[in-house]
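Have the sequence and the 3D view ready as you read.

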Amino acid sequence: MSTVNRQDKSSARPERGGGMFAVTVSFRIHPERMAAFLPLMIENARASRDLEPGCRQFDICRDGGEIFLYEIYDDRRAFDAHLASAHYRTFDVAVADMVVEKTVRFYEEVIR
């Protein structure tokens with residue numbers, strides 16, 4: 001039997017991310033291409049979470065024609081491995097003509 005010591009989160013100090021690396025991506029998608037884009041995006045996120053040991057979180061948010069991604073990786077190397085993965089490269093080529101605009105931001109530290 002194992003015991004878990006849980007801290008009261010109301011008084012807990014924020015935890016430093018221990019080197020975790022965050023990426024946000026905002027896409028504006030051609031309205032007529034959203035129905036084709038979403039399944040490809042969902043599959044890319046699923047493959048990233050399931051196949052990449054350094055991918056800790058990959059959330060997809062949608063508001064009309066805008067898609068917002070929130071991704072957490074162990075470090076920059078894990079994100080670079082994501083960019084080199086076959087599933088990402090396939091996704092990137094498949095959606096290139098569906099995207100009106102894409103903005104990527106990096107965050108060197110995750111505080112929880």
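Let's begin with a pair of residues: serine 26 has threonine 103, in β4, as its bridge partner. This is a predicted model, in which local features need pLDDT of at least 70 and side-chain atom pairs count only at pLDDT 80 or more, while totals for chains, interfaces and linings use all residues. Residues are numbered from 1 along each chain as its sequence is written, and side-chain values use heavy atoms, with hydrogens and water left out.

**The sheet and its helix**

Strand β1 (residues 21-29) and β4 run antiparallel and are joined by eight bridges. Helices (H or I, at least four residues) and strands (E, at least two) are DSSP runs, numbered from the N terminus; two strands pair if DSSP finds at least two bridges between them. Four strands make up an open, antiparallel sheet in the order β2-β3-β1-β4. At the edges are β2 (55-63) and β4 (99-107), each pairing on one side only. From one strand to the next, the twist averages 15 degrees. Helix α1 (residues 34-51) packs on this sheet and touches β1, β2, β3 and β4, and its direction makes about 165 degrees with that of β2. Contact means heavy atoms within 4.5 Å; axes are lines fitted to C-alpha atoms, for helices over the stretch in contact, and angles run from 0 to 180 degrees between N-to-C directions.

**Residues to look up**

Asparagine 44 lies in helix α1. Is asparagine 44 buried or exposed? Asparagine 44 is buried, with a relative accessible area of 4%; buried means under 20%, exposed over 50%, partly exposed in between (1.4 Å probe, protein chains only). Beyond its neighbours within four places in sequence, asparagine 44 is in contact with residues including His87 and Phe91.

Histidine 87 belongs to helix α3 (residues 86-95).

Glutamate 71 sits in strand β3 (residues 66-73).

| Side chains | Polar contact |
|---|---|
| Histidine 87 and serine 48 | 3.3 Å |
| Histidine 87 and glutamate 52 | 2.7 Å |
| Glutamate 71 and tyrosine 73 | 2.5 Å |

How values were computed
A polar contact is a pair of N or O atoms within 3.5 Å; within protein, one must be able to donate a hydrogen and the other to accept it, and residues adjacent in sequence count only if both atoms are side-chain atoms.
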